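Visitor: I am new to this structure and would like a close look at a single part of it. Please take me through the places where the ligands sit.

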Amino acid sequence: MAPRRGGLVVLFGLALLGVAGAKTRCRLGPGASHTGCGLPDELANFQGYHECADAVQVGKPATVEEVQEMVKAFPRVKAAGVGASWWTEQFCAGDDANSINIVTTELKSTLDFMAAPVDPKQWADAGGVPPDFPIQVDEDAQTVRVAAGITQRRVLDYLAAYTHWKEPAGWVLPAPAWFQDQTIAGAVATAAHGSSMRYSSLSGQLRGLKIVLANGTLLELSPDSNRHLYLAAGASVGRLGVLTEVTISIVPQQNITRTNQEMSFQEFAQQIKDVQDAYNAAKAAGDEEAMKAALYQLDETQAFWAFPSAIYLRADFEHLARTPDSVLLNAFPAEGEPGVQALSEPVAGVVEQVEKEPVAGLPRMLNGIAGWNSFYINFCRTHIRNGTFPSRQAYISMAAGETAFTSTFAPYEQLEVAIPLERAGSCLMEVGNEVYGPQRLWEGFRVPSLTRFTTQEDYYLSPATDGPLMWINMEDYLSRSSGVPNDKFHKVVSLFRERCGARLHWGKAGWPEHAKCFDGGKEYPNTWGHFGCAVQELDPQAKFASEWDGWVWAATRDGAPVPFASCCSADGFDPACRLAPRTGC
Ligand SMILES: Cc1cc2nc3c(=O)[nH]c(=O)nc-3n(C[C@H](O)[C@H](O)[C@H](O)COP(=O)(O)OP(=O)(O)OC[C@H]3O[C@@H](n4cnc5c(N)ncnc54)[C@H](O)[C@@H]3O)c2cc1C
Ligand SMILES: *[C@@H]1O[C@H](CO)[C@@H](O)[C@H](O)[C@H]1NC(C)=O
Ligand SMILES: *[C@@H]1O[C@H](CO)[C@@H](O)[C@H](O)[C@H]1NC(C)=O
Ligand SMILES: *[C@@H]1O[C@H](CO)[C@@H](O)[C@H](O)[C@H]1NC(C)=O
């Protein structure tokens, strides 16, 4: 079949059904979130606007061994989940037929489970969980081991139903992401997050992983096995290889009381400023208890900012396990915590892409700003109404039907900024002055922005690597429907970047516009060198470099340029070296 115009896009939907070359659509049914496929095909490489070059091949391995064969066989490789990340350059392995995106949702056991979810009760009746089953709960270690391509939603549903052994209430991921239909490895790879000052991102909740390296070797890592490579691989954006399995912390489900308060934008900004001041004063005094007490005020908090009406809806969560003592200044597991259990020719499963039309624009998005604002704010209100619910329901998340609806309703771009908590309140006030000033920047927004918080974690590429964060997720619903750039929206993002030192989410849009000429040494001054050394060690031929031009490293020693590799050891980047500024961009 000759390559046709189009993206990996389509193909994912089809690939999930094991069908190549026919236009098919996965259905979302009530009860079962996905029938017969990992995700509706509309979600694949989100809404069809972020395509790879036509010639890029698609790998649909049925086993981990086939993943290893494919990685070895191709010079340019990138792992792919369901393409929910809005960023072509980072997502695509390359631009020619020597490039392959390897889809993790096609492994047989993953596909079987996604097509027909299993109630764990059946294992209780049958006398145990089969060893090749893609979700393995270890109640004693309080971890779950999950195959890369299983979606977060399915992990959560399975854990909640895992009530037939030691924990009658079932289990839950301690701090899941709001969106649940991404693959679990895609979430870990991009440090996707919910809101937690104890567990931080999905990377922060990680306890071990398996990754296929450039030479096809399957490497297992845990916090205790090789701290340096583990800190690199735990949030690696596909740059070090293909994750095939992740082990993540779980906690028992419990009753969680959610309360929702509405306030003005100014009031919310003042609340954040008060936390910022308390945190900074405690930090300056070296008082860790007071630092934790400050962070506790935002632990698990999630808040929607309705730009047009300058209102914030703030949701907070209370439960027995949430106390000031439960806050961690760093989510990285202490030494000795349980890690993961020990454990040229045409390549089968490689196919070409299939065309799919992107989601059509919705011109009425451009008008009636007040109407859209109240439509969405009411939607948010129902999501965070007061009440007590089991963990699986208590935290704010997108229902399967909402994922299906929003993915086809109107085209949009989602991007998220990560602002150091140390300046988060001042930042909101300063940016707010511009948003509500003469430029009327609020006019660039239709859908409320979700604000969340995570504590520090040591993964080299985690945006929280240098301290706790306030995250603001923003959606541009105008540019795709109008055909012209949404300048007011982008102005707000630029303000967060320039005035507040915000980093960008690795699994979302905005990099081509807001991180052009990304200089890792500037954005991640303390860890970019370490990550570069892991790349040097595991992928010196740059097989996993993708189409992004930002994966570059240069170093100096005693002020003179030296080969970057000469600054690397088994522990990472030599502190006697310095990262050199990026040049030629
Ligand atoms: C509607 C919507 C809402 C969202 N909400 C949230 C949210 O609440 N919180 C949040 O943090 N994020 C959110 N996201 C972002 C999303 O969690 C990330 O983009 C996530 O990476 C998507 O997973 P995926 O399986 O689609 O990965 P892809 O888009 O397929 O891949 C994303 C990146 O991860 C890498 N990757 C994927 N799988 C692997 C693997 N097995 N091994 C190594 N690297 C891999 C890819 O190479 C790529 O660089 C949202 C996305 C959408 C579409
Ligand atoms: C949650 O509350 C309900 C109703 O009071 C109760 O039946 C249930 O056991 C509680 N669950 C947990 C895990 O405490
Ligand atoms: C929800 O609870 C909060 C805190 O108790 C309260 O201020 C608010 O009015 C309640 N909201 C509703 C709709 O009852
Ligand atoms: C593959 O690469 C890893 C990391 O560089 C190395 O440790 C391993 O020995 C290599 N395996 C083979 C078979 O070359």
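Guide: What follows goes through the ligands one by one and ends with a pair of helices.

This is a predicted model, in which local features need pLDDT of at least 70, side-chain atom pairs count only at pLDDT 80 or more, and totals for chains, interfaces and linings use all residues. Residues are numbered from 1 along each chain as its sequence is written, chains are lettered from A and ligands numbered from 1 in the order in which they are written, and side-chain values use heavy atoms, with hydrogens and water left out.

Ligand 1 has 36 residues around it, and of these Gly81, Ala84, Ser85, His193 and Gly507 come nearest. A residue counts as near a molecule if one of its heavy atoms lies within 4 Å of it. Polar contacts, here pairs of N or O atoms within 3.5 Å, can also be listed for this ligand. A polar backbone atom of alanine 84 is 2.7 Å from an oxygen atom of ligand 1. In threonine 183 an N or O atom of the side chain is 2.7 Å from an oxygen atom of the ligand, and for tryptophan 178 a backbone N or O atom lies 3.2 Å from one. On its own, ligand 1 has 950 Å² of accessible area, and the protein covers 100% of it; such areas come from the Shrake-Rupley method with a 1.4 Å probe.

Ligand 2 has Ala169, Gln253, Gln254 and Asn255 around it. The side chain of asparagine 255 has an N or O atom 2.3 Å from an oxygen atom of ligand 2. Of the 360 Å² of accessible area that ligand 2 has on its own, the protein covers 27%. The shell around ligand 2 consists of one nonpolar, three polar and no charged residues. In this scheme Ala, Val, Leu, Ile, Met, Phe, Trp, Tyr, Cys and Pro are nonpolar, Asp, Glu, Lys and Arg are charged, and the others, Gly among them, are polar.

Around ligand 3 are Asn260, Gln261 and Asn386. An N or O atom in the side chain of asparagine 386 is 2.4 Å from an oxygen atom of ligand 3. Ligand 3 exposes 360 Å² when taken alone, and the protein buries 33% of that.

Last come the helices, which are DSSP runs of H or I with at least four residues, numbered from the N terminus. The contact of H14 with H16 is made by residues including Cys427 and Val431 of H14 and Leu495 and Phe496 of H16, where contact means heavy atoms within 4.5 Å. The residues of this contact divide into seven nonpolar, no polar and three charged.

Key: Polar contact = N/O pair within 3.5 Å; in protein donor to acceptor, adjacent residues only side chain to side chain. Helix = DSSP H or I, 4+ residues; strand = E, 2+ residues; numbered from the N terminus.
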